[in-house]
Amino acid sequence: MGVVRAEPVRVTGWAAKSVGAAWRAFDLQLTTYAGLLVAIGLVMAYTNSIEGGALPLGPGTTFSRGLMWAGIAVIVFVAAAMFDYHWLKTFAWPIYGFQLGLLVLTLAIGDGVGGAARWVSVGPLAFQFSEIAKILMIIVLAAYLAAREGRLDSLASIVGACLLVGPPLALVMLQPDLGTSLVFGAILAGMLWMSGASLRWLLILGAAVAAMIPIAWTYLLHDYQKARLTSFLNADTDIHGAGFQLHQAQIAVGAGGLVGKGLTNGTQTQGDLLPVQATDFVFATLAEELGFIGGVVMFTLFVLLLWRVLVTGWRSRDAFGTLFAAGVASMILFQLIVNVGMVLGVMPITGIPLPFVTHGGASLVSMAAGLGILQSINIRQTKAGW
């Protein structure tokens with residue numbers, strides 16, 4: 001009797017596909033670039049923990065918390081990669097409701113500074129649900145736009161996407177968190193652009209949003225938000241007030257020079273002269289201690305990461321995967337530009353974190369979830385090549 005050779009069976013379901021065959025499509029480059037950015041973030045957390053003479057691995061230090069959140073992020077990333085992303089389309093509306101629930105819960109029981117409600121404590125951990133809501137919003141928008149593929153020349157479809165983003169954006173503004181609300185707007189704009197929506201209608205809607213800026217400035221923004229948004233225009237006029245953060249950040253960046261002062265040797269960082277140096281202004285710490293070269297390395301990693309995110313979208317055989325990748329790329333790129341721009345004094349100070357590098361558990365976990373879903377797309381439905 002001859003040997004019977006079984007022909008390989010092509011299927012798309014995760015349960016029926018062999019583990020080895022599926023994971024051959026895993027994008028190691030994407031994971032490597034993200035991992036290196038997280039490593040840079042941990043190095044910054046280490047140097048920020050040294051400030052004040054604390055032991056880096058001591059309880060409650062920025063570095064020890066960073067290691068804990070990095071471990072949680074790895075678990076979330078693996079779980080998201082193993083999960084079949086097709087189910088996200090099926091449960092898009094429950095996900096949208098869950099997102100709104102998280103934001104309402106934040107307003108109801110959240111903690112913050114100066115009357116803000118941004119963090120919800122779960123045992124020893126504090127979550128900023130608005131960060132998680134970013135990824136959930138990308139899922140919902142990807143499902144909505146993919147279901148209307150080929151019909152996005154319609155104004156109704158574009159307005160529908162705007163109406164989806166409206167409630168979570170408003171809830172985030174009420175916390176108040178201007179920076180995160182702007183990220184929601186950037187996600188919407190990027191995904192509409194990448195979906196092939198009518199450019200004419202997008203320009204008209206963009207003009208309408210621009211016309212509403214004076215109204216928002218007058219009636220929606222608090223005085224401290226206005227001061228932060230305008231302080232970058234001339235920080236030197238109020239270096240002890242609204243311009244203090246930017247003034248100290250620019251000193252740190254300028255002091256770093258080409259190669260930096262060396263890890264844990266930054267005058268601004270180690271002297272506790274730089275406000276929120278572990279979070280919003282972490283790039284100033286990096287520039288002071290690792291210099292221009294350290295900044296170039298970080299930017300190179302971001303460019304390579306964004307390239308792999310977009311490659312994932314290109315390789316996807318369904319519109320949902322392509323649009324989800326577009327949303328993640330829009331979110332990362334916008335936050336990178338605004339965060340670094342505000343440290344350099346060319347963008348308003350809005351409190352937007354630097355992806356993967358800023359110390360913040362919810363931000364890192366949400367990014368890990370997004371990249372995990374991208375790997376799920378790579379594993380389950382890809383085109384040949386690349």
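A residue counts as buried when its relative accessible area is under 20%. Phe 356 has a relative accessible area of 5%, so Phe 356 is buried. This structure is a predicted model. The protein averages a pLDDT of 83. Of the residues, 83% score at least 70.

**Confidence**

- Residues 1–19 have a pLDDT under 50.
- For residues 1–19, the model has 11 contacts beyond four places in sequence.
- Where pLDDT is low, the predicted coordinates should not be read in detail.

- Most peptide bonds are trans, and most residues other than glycine have a negative phi.

**A cis peptide bond**

- Gln 175 and Pro 176 are joined by a cis peptide bond. Its omega is about -10°.
- Pro 176 sits in a loop. Helix H7 (155–173) and helix H8 (178–195) are the helices on either side of that loop.

**Positive phi at Thr 264**

- Thr 264 is not a glycine, yet its phi is positive, near 70°.
- The loop between helix H11 (244–256) and helix H12 (267–270) holds Thr 264.
- Thr 264 has a relative accessible area of 24%, so Thr 264 is partly exposed.

**Positive phi at Phe 356**

- Phe 356 also is not a glycine, and its phi is positive, about 70°.
- Phe 356 lies in a loop as well, between helix H14 (319–344) and helix H15 (361–380).
- Thr 264 is partly exposed, whereas Phe 356 is buried.

Terms used. Residues numbered from 1 in each chain as written. Predicted model: local features only at pLDDT ≥ 70, side-chain atom pairs only at ≥ 80, totals over all residues. Heavy atoms only, no water. pLDDT = per-residue confidence, 0-100. Contact = heavy atoms within 4.5 Å. Helix = DSSP H or I, 4+ residues; strand = E, 2+ residues; numbered from the N terminus. Buried < 20%, exposed > 50% of the residue type's maximum accessible area, 1.4 Å probe, protein only.
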